[in-house]
Amino acid sequence: MAEKQTFYITTPIYYPSDKLHIGHCYTTVAADAIARFQRLTGKEVHFLTGTDEHGQKIQRQAQAKGKEPSEFVDEIVDWIKELWRDLDITYDDFIRTTEPRHTEAVQAIFTRFYEQGDIYKDKYEGWYCTPCESFWLERQLQDNKCPDCGRPVEMVAEEGYFFRMSKYADRLLEHIEKNPDFIQPPSRKNEMINNFLKPGLEDLCVSRTTFDWGVPVPFDRKHVIYVWLDALTNYITALGYPGKSEQFIKFWPADVHLIGKEIVRFHTIYWPIFLMALDLPLPKKVFGHGWLLLEDGKMSKSKGNIIDPKVLIARYGSDAIRYYLLREIPFGADGVFTGEALLKRINTDLANDLGNLLSRTLTIVERYFNGVLPAPGMAANGDEELKSLALETPQKMAKSMDQLQFSTALMALWELVRRTNKYIDDNTPWDLAKDPSKKELLGAVLYNLVESLRFIAVLLKPYIPRTPPKIWRQIGIEGDEGLQNWEALKEWGLIPPGSNVKRDEDLFPRLDIKKEMEALQGGGREQQKSAQKTDKQKEAPPSGKQKGLTEGMVTFDEFKKLDIRVAEIIACEKVPETDKLLRLEVDIGEEKRQVIAGLAKHYQPEELVGRQVLFVANLKPVRLRGLLSEGMILAATDKEGNLTLTTVEERIAPGSPIS
Ligand code: ME8
């Protein structure tokens, strides 16, 4: 037998500086769905997650709680492992950077860099962002704050070891350009090239002396190794590197490092350069997904707007939360978490489409065939269509999963769920049952429904793993593993007739949205409040009291409130499932924004990248199809509906104000 193909996937190792929130769950659930899908299709998967336990931030947090750092992180790590258990995360390994298997390896790597001349000792004087554990040059700061997180930076002046980044910069640029898949989505690649590689890479300070919660530099104990060098190497130390372990040989290079967009720089610049210095192949893909935001912005402890995932899981179950995270937002883009959208997904997709399909089907088999699955037989309405859709769906999903588009994969699966529901409506089994001569036809319809449910259950495995066994039990194939795998999706009609089906618990009971919104509090309440405010604003009379000549006019001061600027479009793609909307990323000078605009009927995404347009930057953000839109691109439309973008006559720096 041919050897199994392998697949190595990682999540970031999270800081156990606090409990994790729903944003961290987003990456980990995504990685788990990919890992499970690859396993389902027969690959030998290694799925790594873990915790990044050193650094100044953790040391300070521990101090604030009056604890030793090790005691402090132990408690949070236990909590994190429990969270992953509750969310059914099937990691193969959980690495903690405080484990000797890691610390010893990091020391060996650091020593090798030093001995081969990649690291030298010098003095560091500059800015440091402790929450991001990140060094910055004066010119990189924005309003004297960290350009990544916007928090204050500290001046540090200390002796340090430096890594010669510049030595490897050209090789890295060449690698990125020759391997278009290496940095995904592509907009992140352009950002890395234009903002970091092209302006020239500075050498990186890779040790600290002002605190001691870290891996000591083995030959100079005053220093601890910089937490990002320590952290990034987890992806190889967990496989046993630098030892010649079987696991390392089998799984390195990683197939995917899944991370959030704010740490793409560390993973696509520093990490590949460290690997080049170790003479190791680079990971095949680094995917920097967007953020899950709340309506009032980024989740943060200080804002008190954290959504506690354990509370959500306890109330709605792990499958519902997983489904929502995987289905709601196209992977890559920023999205907004709202209680309302979660509840709608549960009621519409899970309770109505999927749950009802199972309960309707089983109720009919119980009523007309005493719960014994009838034989396949005479052709009914839409048999062939249902069968071919079921047989095509696994490949469609596999294609989307290869591109890490779970939301599209789930859409393909729901096409089958909805088609199966339609098959019931088209064949009206309750009418067939009235005519004894149609008993065989009725049996065939029911057989097809149950067989389609078998396909659906197998395909649900990677996404909502608690549901398939419930379906198998109810359709009577609980013990028959041969019918529950990928191979069994190559043939239609495998369930043996005569099996006993038995309707029991509802898969997803319908929720009372109003009651649940009240229970969800926080996020939910705030949304309702802001919605009311907007309605009132709509009803309010025009603000000016002017009549006559000035009626409907704005004052200069009112006009000045609009922040209109030049924006450069840096990325653009269609929003799936819509024919009007495009998702654009624009550079507006000091920051990048995501905008959802109704331009798809007028422009192809490729045409827009690189264009400069006029942009309203201080429009209140809105959510369109689950995606956050932060601003408005201005365009002119004539009476016939022809549309053209407004632009500037000559190129000018993005962010330039219009006045
Ligand atoms: O950065 N939306 O750890 P971290 C989506 N230790 N994803 C989010 C998110 C949100 N609102 N918030 C967090 C670190 N994440 C380092 C990593 S790796 C060698 C070292 C996810 O605890 C996302 O994957 O700050 C993001 O990159 C990660 O959590 C940051 O976790």
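Modeller: This is a predicted model, and we can go through the ligand, a sheet and some backbone details.

Biologist: Ligand first. Which residues come nearest to the ligand?
Modeller: Of the 24 residues around the ligand, the nearest are Ile-13, Thr-27, Asp-52, Glu-262 and Leu-292.

Biologist: What does Asp-52 do there, in terms of distance to a ligand nitrogen atom?
Modeller: An N or O atom in the Asp-52 side chain is 2.7 Å from a nitrogen atom of the ligand.

Biologist: And which backbone atoms lie by a ligand oxygen?
Modeller: Tyr-15 has a backbone N or O atom 2.9 Å from an oxygen atom of the ligand. Gly-260 also has a polar backbone atom 2.9 Å from a ligand oxygen.

Biologist: How much of the ligand's accessible area does the protein cover?
Modeller: On its own the ligand has 680 Å² of accessible area, and the protein covers 93% of that.

Biologist: Which elements give two or more residues to the shell?
Modeller: Strands E1 (6-14) and E11 (256-260) do, along with helices H1 (22-40), H7 (227-232) and H8. H1 gives the most, with 4 residues.

Biologist: What's the shell like by class?
Modeller: It has 13 nonpolar, 9 polar and 2 charged residues.

Biologist: New topic. What is the strand order in the open sheet of 4 strands?
Modeller: The order is E5-E4-E6-E8, and the pairing is antiparallel.

Biologist: Why is one side of E5 and of E8 left without a neighbour?
Modeller: E5 and E8 (204-205) stand at the edges of the sheet, each with a single partner strand, so one side of each has no neighbour there.

Biologist: How many bridges join E6 to E8?
Modeller: E6 (residues 154-163) and E8 are joined by 2 bridges. Phe-163 stands opposite Leu-204 in E8.

Biologist: Now backbone details. Where are the cis peptide bonds?
Modeller: One runs from Gln-184 to Pro-185, with omega near -15°. Pro-185 sits in the loop between strand E7 (183-184) and helix H6 (186-197). Another runs from Tyr-241 to Pro-242, with omega near 5°. Pro-242 is in the loop between H8 (234-237) and helix H9 (246-251).

Biologist: Which non-glycine residues have a positive phi?
Modeller: Asp-88 is one, at about 60°. Glu-133 has a positive phi too, of about 50°.

Biologist: Where is Asp-88, and is it buried or exposed?
Modeller: Asp-88 lies in the loop between helix H3 (69-86) and strand E3 (93-96). Its relative accessibility is 16%, so Asp-88 counts as buried.

Biologist: And Glu-133, buried or exposed?
Modeller: Glu-133 is at 0% relative accessibility, so it counts as buried. Its place is the loop between strands E4 (119-129) and E5 (134-136).

Terms used. Residues numbered from 1 in each chain as written. Predicted model: local features only at pLDDT ≥ 70, side-chain atom pairs only at ≥ 80, totals over all residues. Heavy atoms only, no water. Buried < 20%, exposed > 50% of the residue type's maximum accessible area, 1.4 Å probe, protein only. Pairing = 2+ DSSP bridges. Near = heavy atom within 4 Å. Polar contact = N/O pair within 3.5 Å; in protein donor to acceptor, adjacent residues only side chain to side chain. Areas by Shrake-Rupley, 256 points an atom, 1.4 Å probe, with all protein chains shown as cover. Nonpolar A, V, L, I, M, F, W, Y, C, P; charged D, E, K, R; others polar.
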